[in-house]
Each structure stands twice: as C-alpha cells, then as structure tokens.
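The following exercises are to be worked through with the sequence and the coordinates at hand. Each task is followed by a solution in steps.

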Amino acid sequence: MYRLFLTGLIAVASTSAFALDWRGNISYELTYFPESSVGTDNWNFNSSFGADVELSHDLADNVFLTFHPFARWDQQDDERTRAGARELLLTTVGDTWEFNAGLGTVFWGVTESRNPVDIINQTDAIEDLTGDEKLGQVMLNLKWFTDSIGEFEAFLLPRFEERTFIGTNGRPFPGINIDTDLTTYESSEAEDNIDFALRWANSFDAWDIGLHYFDGTSRDPVLLPVVTETGAVLAPRYSLLRQVGIDAQGLYGDLAIKTETIHQSGDEIENHAESVTGIEYTLVGFLSPLQENDKLPEEWCTPDVRNPFKRLACNDRMDLGLVLEYLWDQRGTDSNQLFQNDLLAGLRFAFNDTATSDALFGIVQDLDNGATTLSIEASTRLFDSYRLKVFGQQFLNTSDDTVLNAFENESFLQVDLTYFY
Amino acid sequence: MTFTSKYRNLTAAIVLLFAPAIAMSQSAEERGLAIAVEADARDQGYVDSSANMRMILRNRAGKESIRNVRIKSLEVKGDGDKSLSIFDEPADVKGTTSLTWSHSAKPDEQWLYLPALKRVKRISSKNKSGPFMGSEFAFEDIGSQEVDKYTYKYLRDENLNGTPTFVMERYPVDKNSGYTKQVVWIEQDRYLAQKIEFYDRKGALLKTLASSDFSQYLDKFWRAAKLEMVNHQSGKSTTLEFSDYQFQTGLKSSDFSKNALKRQK
C-alpha cells in the first residue's frame, strides 16, 4: 500500500506542467583516525562520496511535492554504501492549515548539544558523525495555524524506521558490533506499530514555547548484549513509550535562553525525565572595541596590512557566540543515552566575511566520570559553489565511562569538500 | 517605512497647516523631521512588493562575488513592514530564507529557515551593525527605514550633480547602531535619498551609498534599480541591482508567517 502510494506520487509529479525547483550537492569526505582501532579492521583513512538532491514540484496552486533522494559510497563501511530517500512528501496548504502525506522530515528543538524533544524522525547515525542527519518518516501530518492561540499539529506515523549503526568495518567503532538483524520490539506489531504525536507551539514576546505528546515506539533503542555463534554482539531493542515535553527559547537581545525537557514512561522503560538547558550569548563584532578605543596601533588597521595577526585584531566584523548547556537524565548512569550529567561549553565564531566562514569549538564533559569530548567544526566557501568543512573530535579521559571507554582510540579528523548546485 | 500613525498624522498636520508660517521659525531639527515625514508619506500605500536583488561584492583587488536574493515586502498599517528574503545564490545557501517583522515601538522580530536542517530559527534582531551576507551593507542599511529610527537635523540646500537636494544629518536612536550619524542628500522634487554618508562609532567617514536609476511604479512609488556602497576604510564595495519590481501582487499576511518560511521558493 505504502509503495503504491509513493509510485502514485511520482506518476502524478512526472505528468505535471508546473515548475520544478531543486537544490543539491555532491561531496567528497576524507576521514583520518590517527590511532589503531580495536575493531576488526585496522585502517586509518576513509574516503567517501555522497550525492543529494531536493526536488520541489508545484502540482497545482498550493499543492506541491518534495522528493529528496540521496546516495553514498563508502570505502570502508559497507553499511554506509547505500541509496534511499529522505523525503517524498505531498503538501497541501490553505491560509490557516497545512496537510502533509508521505515520507517527511520534521525538526523540533532549540538547544545546541542534543535535542531530546525531536522524536518524529529517526537519527541516521552513520550518515553524519554530528548526528544531525535524519531518516525520512512516513507520516500523515495536519497543521492548524491561529494568530491568537498558536499553532497545533497532529501526526499519524504508520511505519517505524530503525536507527542506522556503523558496520563491522566502520569507525568510530563502538567497541562491540551492533547487529540490526537481531532487532526486537516491545510492540507485537514491531515496525508496523502506529505511533502518533501532537504538538502546540506559540510565541509570547521574547519566548517561543512548544509542548508535545508522543505515543509509540522509542527512537532511542536499548542495546542488549547477545551471544551468537560468531561472538558477543549488541541487539537493538525498541520499547513502547509515552513522551511529554516542552521546548522553549527566550531571546533577550544578544542572549538566548534555551531548554528542552521531556518525561518518558512505559511498561518496559524506567519512567524518567531528561533535559538540556542552557544559554547562548553573542558578542557582536567582539573585536571592534579594540579599534574604537584606540587600543591598536593605527597602522595595523589600514587595508594594506598583510600580517594575519594584525588583520585578525583589526577584524571588527567577527561575532563570537558563547554556548553553555547542561545535559541531564534522571536515570543517571542507567540511561541508554550518553549525556546524563554533562556540561557543554562552546565558542562559535562567525567571521561575516565574503566566504561566510564559521568555526565552533566545543567541549563536553561528563561530570560524573570526567570523560571529555573536544570538538571542532569549521567551514568556508571556496570558488563560489563549493564549501570546505573540517570536523574533528578528540576523546579524552574515557577510562571510567562505560560507553566512551570504547572510543579511546577513535578520535578523528574529517575534511569534507562539497559542491552545491 | 512606517511610523506610529498617531504621531505621523499629528506631525503631518503641523507641517501642512503651518508650513508657510513656520518656515521662518522652524528649527533645523524640526525641518529635518518634516523632510523625513514627507519622504515617508510619499511611499505609503504600496501594499506589497517583490523584486530580485543581485549583490556584487568587490574586494580591494576588484575580485567579485555574487549573491542573488528575492525579496518580498508587505506593508503593515500602524506598524513596521514584514519582509522575506529568499537566497538563490551562492549555491550553498540556496533555499535559506529570512523573515523580518519590523516594528516601530518594539524591537524587530527575525527568523531564519535553514533548509538542510529543516529548522526555523528565531534570531536576534539586535545585531544591526553586522554585515549582511558578508557585504558592505549592514543589516540596518537594508532594513525598513522608519521615521522614528532616527532624529534629524536639516543642514542646507545643495545641488548634487545638478539636482536640487536637501542635505540633512540623521542620528540613529538605537544605541546598537554601528553609526554615530548619517548625512543624507534628499532630492527636493521627489523626496528620494540620492546619497548617504555613514560615520562610524569614532565619528570617521566609513561608507558612502549612492542610489540611481530610479523608476516609478503605479504612478506613485519610486524605487532605485542600483545602490552602490563604497567602504572608504577597507576599499571594498558592494553594488545592489534590483530588477522585476512588482507591486500589489496579492501577497497575504499568511505568506509572511513562520510556517510559510519552509515553502518559499
């Protein structure tokens, strides 16, 4: 039925005379792991090519179709070599409502480090090591907008998507193989359990607030140790749960206050709360007071200066964002997610230059056992249509952390060059 | 381009009724304000507009980079305008859309839609002095120019390239502005800003904006097809070229909502 519906959508799209819009990219990524892995394969370099295109097609006034296929080839990890669709969605809009049917992607959330409220789509954990990439979710979604009491939406989610995991040859290797052939579900309907969700969101002056309710299969599996003929592996187990949550952001000039808090309950899981709460404070043109208050020799800041240090000191266009977030899980170390009592501190540089360059330096520390992840994410535009991105993570002091322990030798640096069209 | 309506009506009434009488006794500040109010009044009633904007960024060596943005505006009675900017180029930001609700009495509200993340992000509108897309235009230069965002002082009449103009200074009210003052040359006949000089926080000349190639739409609304901003301190410049201006195309308030950000094409 589902396949028939998708085939129907494509057929309708291909016969329509309305305009087609697209945005797409082709990327090459090189990842370097300086240390040897405890995994089965001892490689240090990985090459990967990816392609993405998002097509949008007007079928009629206020009716359109979005199709977002993707493909990836990976040198080392067979699980990453694949093709699929993240979106194949039919959208109809009116003045006060919107209806979506098909495979879609929805983002909920406001915080930087982790988004506990973002429960509609499954994480595509192998596509992108930052964890931002999502798998498409089959949905029927109705939204209703009002001027006075905010926006309401309802979701019917008839088919569950399993989380993707790094393959036997992939890195960063989690220490033990995760075998998705051994996946089990609490629901007797398994992946055909029908989930549903409701959300309300509104703005109150400086504050944007959202509330949601979700009833269905957890997107975060519990990984259970299983002994097979080939040795010990982890088997994902997806429990049923009910989740209520709030996401809120208050904007006071250059200060943003953010929180995402959820409560989950179910027969198989421990009833508990999780939250991420923090601030982001932006120092606009943070070096400009140096020039304004005559702290710099005047000859440094003339256009002819080539010395990069002097040029940087005279850069009055650069913004600096200070990010601080506390991540908490009521279950403590019994949690099936990593961040139960952790702190994120980050520095975000926006260069505001022609190449729209940016850099984010972050440190996440587990306050219970001291395990620390340092990360850098930086990007700049090259030759008008390319973007060069550098992403690296260094795992430190991991010996007392049961999960991060396995990542001791998995620190990496990734360079990605993407052509956009 | 609006102004708290009560205030505007009152000021306009004073200017109109007593114009001959007060010409002698009007202070430089009053005369500057009157010119700004008149310029604003002449642009009332456009309802909505859309245009294509091409930005050409040039560094000191003359190397160019291009941005293409489609802009849509909606006039809001009694408050600031609503506007949408849809980025088409450079390709890595294609589909990124910003929505601004400008206000006359309270701070503007601003949202950004990031298509790769499917994320609508509310952003601070306090950052007025920051560069728009890496260009020599600051956010405050391209935002809605409302009368009460400045105080004014008339300086003199002057011929600019053979055209009679009023020359006045205006001072940003917002303490987050990147400028201490602007000197504006306003054409006497049509009340159009032909040239603006921007002075930085140290009071030094920073940039000059020249507007040209004005066309009139619907027999009322004048728009420049070309804006040239030169930064005297860095040697960089940015040209904005506008094309396909359209007015009263039937844009609705719902097109300028957060929810509509995702489906702008």
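**Exercise 1.** How many residues does the contact take from chain B, and how many from chain A?

*Solution.* The model is a predicted one. Step 1: chain B gives 29 residues to the contact, and chain A gives 36 residues. Step 2: on the side of chain B that touches chain A, 12 residues are polar, 11 are charged and six are nonpolar.

**Exercise 2.** Determine which strands stand at the edges of the open sheet of chain A, and describe the pairing.

*Solution.* Step 1: the strand order in this open sheet of three strands is β8-β12-β11 (chain A), and the pairing is mixed. Step 2: β8 (184-185) and β11 (222-228) of chain A each have a single partner strand, so one side of each lacks a neighbour in the sheet; these are the edge strands. Step 3: β11(A) pairs with β12 (residues 231-238) of chain A in the antiparallel sense, over seven bridges. Step 4: within β12(A), Ala232(A) stands opposite Val227(A).

**Exercise 3.** Describe the secondary structure, burial and contacts of chain B.

*Solution.* Step 1: chain B contains 13 strands and three helices. Step 2: 37% of its 265 residues count as buried. Step 3: of the contacts in chain B between residues at least 6 apart in sequence, 45% join residues at least 24 apart.

Conventions
Residues numbered from 1 in each chain as written. Chains lettered and ligands numbered in written order. Predicted model: local features only at pLDDT ≥ 70, side-chain atom pairs only at ≥ 80, totals over all residues. Contact = placed C-beta atoms within 7 Å. Nonpolar A, V, L, I, M, F, W, Y, C, P; charged D, E, K, R; others polar. Pairing = 2+ DSSP bridges. Helix = DSSP H or I, 4+ residues; strand = E, 2+ residues; numbered from the N terminus. Buried ≥ 20, exposed ≤ 12 C-beta atoms within 10 Å, placed from the backbone.
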